Amino acid sequence: MQTSKLKTLFIYKYLEEHSDDEHPVSTSELIAMLEEKGIKAERKSIYADVEALKQIGCDVISVRSPKSGFIMASRKFEIPEVRLLIDAVSSAGFITPNKTKALIEKLESLVSENQAKSMKSQVYCESATKCDNEEIYYVIDSLDEAIKAKRKVKFNYKRRNIDKENQKNYTNKTFTVSPYALIWKDDHYYLVCNSGKYDNLLNLRLDRMKKIELLEETVRPMSEVSEYKNYFDTADYSSKMFNMFSGEIDRVKLLCHLELREEIMDRFGVKIPLTASDYDHFETEINAAVSDGLVSWIMQYGNKIKVLEPRYLADMVADKAKAIAEIYSSL
């Protein structure tokens, strides 16, 4: 590549990595940087390179405060956007500590070095809640490929055993499933699939999968195991799951205390019906998978939520409440 072309690229790279609103790069710095790379440059040629970068859409501007120089005024990702991505990666339990560190370093390269340093001091990663499955990227990629190709997959599924000695050993079970969708929900990554033995959907965590293998066998039609016929509606399915427990979808009518209206809208969206029942309560209806996950979600609000319909769900909540009361009755 010609030296003149390299010079322009080196200037672009240096401005990307080192300049921001508070740290302009002077012409002298650029000349010194180029000299280290064996390229002689004059001040006039630096201005010409900067102008060339502007012509191809780079937002390079000249500033005089806090010091004179050039800055890359905007990038594909702004600091708040990178910050959001870093926070998401840091809190994602299905990404291992090693991969979290590596991915954060890649995200930090989207801003200047000085901006990255200022963000680094704010990043906190709770490694105790992170998974230890270093195959997770391969698992995600393989499942994505299988879903697009409509092929079954086979993998080992690991679960922690419970024993008196607390040996931290695990049980590995082999699954062969028809994969339909990937869902990130409640800080975990799930595969929505069908195991073939049953006529329903199963939600399995990706961080527990290893030794994944794509099979030649075509997936089972989702219309045989779900309400979805032509395509899998991930958003609709996710909205009906509680703690990702599978169950039969039913219409659920709830009586809620007025103070829960914001939480109900946060969970189900602002379009959910909220009908006044009395001065302190409102009624709402949702489509939900009736399961232990739904029962647990309802019970977290204590006497602030009452199930009006269906009756069998109300009985499930009442039975769970009685069981909890019984284990504390002997205290």
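Student: How far apart are the closest N and O atoms in the salt bridge of Lys101 with Glu105?

Tutor: This is a predicted model, in which local features need pLDDT of at least 70 and side-chain atom pairs count only at pLDDT 80 or more, while totals for chains, interfaces and linings use all residues. Residues are numbered from 1 along each chain as its sequence is written, and side-chain values use heavy atoms, with hydrogens and water left out. A salt bridge requires a side-chain nitrogen of Lys or Arg within 4 Å of a carboxyl oxygen of Asp or Glu. For Lys101 and Glu105, the closest N and O atoms lie at 2.8 Å.

Student: Why are Lys101 and Glu105 separated by about one helical turn?

Tutor: Helices are DSSP runs of H or I with at least four residues, and strands are runs of E with at least two, numbered from the N terminus. Lys101 and Glu105 are separated by about one turn because they both belong to helix 5 and are four residues apart.

Student: How is helix 4 oriented relative to helix 5?

Tutor: Helix 4 (residues 79-91) and helix 5 (residues 97-108) pack with their axes 10 Å apart, at an angle of about 175°. Axes are lines fitted to C-alpha atoms, for helices over the stretch in contact (heavy atoms within 4.5 Å), and angles run from 0 to 180 degrees between N-to-C directions. Angles under 35 degrees count as roughly parallel, over 145 as roughly antiparallel, 65 to 115 as roughly perpendicular and the rest as oblique. Helix 4 is therefore, relative to helix 5, roughly antiparallel.

Student: Which residues of helix 3 make the contact with helix 2?

Tutor: Helix 2 (residues 27-36) packs against helix 3 (residues 43-55) at about 95°, so the two are roughly perpendicular. Helix 2 brings Thr27, Ser28, Leu30, Ile31 and Leu34 to the contact. From helix 3 come Arg43, Ile46 and Tyr47.

Student: Which strand gives the most to the lining of the largest pocket?

Tutor: A pocket is an open set of points on a 1 Å grid over the protein atoms alone where a 1.4 Å probe fits, with protein on both sides within 12 Å along at least five of seven lines; lining residues have an atom within 4 Å of a point. The largest pocket has a volume of about 820 Å³, the volume being the space filled by probe spheres set on the points. With six residues, the leading contributor is strand 4.
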